[in-house]
Amino acid sequence: MAPPERPGEDYVVEMLRTLWPDPAVVCRVGPGTVVRGRRVARFAALPNADRPRALLPRAPRAAAAAALARLTDGPGAAARLRSTGLRLLASAGLVRALPQGFVVTAPADAVVDDVASHLESALGRPLAVSLKIGPVRAVQKPVLHLLSPDGATVGYAKIGTTGFSASLVRTEAAALRLLGTHEWTHLRVPTVLHDGRWQGHEVLVQEPLEGRPWAGERDAVRAAMVEVARSQGVAHHLLRESRWWKDLEGRIERLPAGDATDALRDAARRLVTSRGGESLSFGCRHTDWAPWNIAMDGPTVLVWDWEQFEQDVPLGLDAVHFDLQQLVVLQSVDPREAYDRLVRTAPGVVGAFGVPTEQAALTVALYLLETTCRYLQDGETGTRLSRVDLWLRDTLADLDGALERELRRVGLERAGGVGGG
């Protein structure tokens, strides 16, 4: 399976033109390039300007060094050593010497209402900006690492430049303000430093959460997930009568035609017919709880990326998502095999949320329906999981069998028999 597509030069230029609009001019530079006009911003492209993974500020040196160190940070002594070494090289001028990159210029007397100037005004301090370029995804948007001239991380800014990404930025701002009023025991969420609009785009700046990478502390993460799930209270609804299910049914019915849509619709109808009369517990959900969206500060879990936060959703979906991301993204397990493993481990995974054993496979099935609907709705195909045509039908058939076995076990237990395979 091919890796996710990474944006190229055209995407980067267009993004920079959005962030540094007219009268600014964006151009690619390399060895021997002559740049005319007043330089407004200068970036080095890593590893190159054709398929960059990051744009680093060429100055000040301390900010460039800190940005490079953050990009190469990771768990383990080797990663820390590599990050420290690169930071020292950058402090000595490595980033300035990188040959490829992009320059933003403007006429000498022109005033440019660019994102960096806006953020400096909003936060009341000078800033350097670094940008990480991720793979092509529906949720893609500019995310800026904001640094002080001496290299300290000031915060992270998300810029919603499309209708969809703007809605995500608004959702995250609202979620962080809501969650910021809660007294947490097991986790911490970022504080909002600034939110508003600039050039018609949604802008959110949040504080950095400094900690060490997650190293497998499953109990701490599970406790934090449960705390989020119950933070705004827990309600109980019949599945077919819940707002969440009715919304999901409507979204599935509105999906564009295709084999995956047909399979999803059939699966949803079968599930609501067989299990729609069951009462489920509903609470809050982060929605993208994954190892790369958390860090640890002692026993406290630091959690960011709340842009898809939801309320009144079935409990346990965050835990299913977390385990699936580890299997598919980090361990390269095929999605069908990953779901098979999730069904086997589901009773223990969702039990911490109070989900009964007889609804464990049901929780996995609900997660699959909702997440697949999201991929199809957003038109996302840039990841192994979002290429649903390659694995969805077989996985739905496997889950049908798991749901039938789950119902048989419940029937046997209620009749006084012995549950079995």
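One definition before anything else: when I say helix, I mean a DSSP run of H or I with at least four residues, and the helices are numbered from the N terminus. We need that for a spot just after helix 12, where Gly 379 takes a positive phi of about 70 degrees. I'll come back to that helix in a minute. And please keep in mind that this is a predicted model.

Okay, the overview. The chain has 421 residues, and 50% of them count as buried. In secondary structure we have 13 helices and 16 strands. If you take the contacts with a separation of 6 or more, 72% of them are between residues 24 or more positions apart.

Now, helix 12, residues 360-378. Its 19 residues reach 27 Å from the first C-alpha to the last, close to the 27 Å expected at 1.5 Å a residue.

Who does helix 12 pack against? One partner is helix 10, residues 317-330: the two axes come within 9 Å and cross at roughly 75 degrees. That makes helix 10 roughly perpendicular to helix 12. On the helix 10 side you'll find Leu 317, Val 320, His 321, Leu 324 and Gln 325, and they meet Thr 363, Val 364 and Tyr 367 of helix 12. Sorted by class, that contact has 5 nonpolar residues, 3 polar ones and no charged ones. And a bit of background here: an α-helix has 3.6 residues a turn, so residues three or four places apart point the same way.

Helix 10 also packs against helix 7, residues 218-230, with the axes 10 Å apart and an angle of about 145 degrees. Here Arg 218, Val 221, Arg 222 and Met 225 come from helix 7, and they meet Asp 318, Ala 319, Phe 322, Asp 323 and Gln 326 in helix 10. What classes of residue make up this contact of helix 7 with helix 10? There are 4 nonpolar, 1 polar and 4 charged.

Most residues other than glycine have a negative phi, and most peptide bonds are trans. So which spots go the other way? Take the bond joining Asp 22 and Pro 23: it is cis, with omega at about 10 degrees. Pro 23 sits in the loop between helix 1 and strand 1. Another cis bond runs from Leu 46 to Pro 47, with omega near -5 degrees, and Pro 47 is in the loop between strand 2 and strand 3.

Then the phi angles. Asp 305 isn't a glycine, and yet its phi is positive, about 60 degrees. You'll find Asp 305 in the loop between strand 15 and strand 16, and at 22% relative accessibility it counts as partly exposed. Ser 332 also has a positive phi, near 60 degrees. That residue lies in the loop between helix 10 and helix 11. With a relative accessible area of 46%, Ser 332 is partly exposed.

Start with Arg 58, in the loop between strand 3 and helix 2. Buried or exposed? Arg 58 is buried, at a relative accessible area of 8%. Arg 58 and Ala 44 are 14 residues apart in sequence, with their C-alpha atoms 6.1 Å apart.

Next is Gln 140, in the loop between strand 5 and strand 6. Leaving out residues up to four places away in sequence, Gln 140 touches Pro 7, Tyr 11, Gly 134, Pro 135 and Ser 165. From Gln 140 to Ser 165 is 25 residues along the chain, and their C-alpha atoms are separated by 7.1 Å.

Last up, Gly 196 in strand 9. Gly 196 counts as partly exposed, at 22% relative accessibility. With residues up to four places away left out again, Gly 196 touches His 201, Glu 202 and Val 203.

Terms used
Residues numbered from 1 in each chain as written. Predicted model: local features only at pLDDT ≥ 70, side-chain atom pairs only at ≥ 80, totals over all residues. Heavy atoms only, no water. Helix = DSSP H or I, 4+ residues; strand = E, 2+ residues; numbered from the N terminus. Buried < 20%, exposed > 50% of the residue type's maximum accessible area, 1.4 Å probe, protein only. Contact = heavy atoms within 4.5 Å. Axes fitted to C-alpha atoms, helices over the stretch in contact; angles between N-to-C directions. Parallel < 35°, antiparallel > 145°, perpendicular 65-115°, else oblique. Nonpolar A, V, L, I, M, F, W, Y, C, P; charged D, E, K, R; others polar. Expected span 1.5 Å × (residues − 1).
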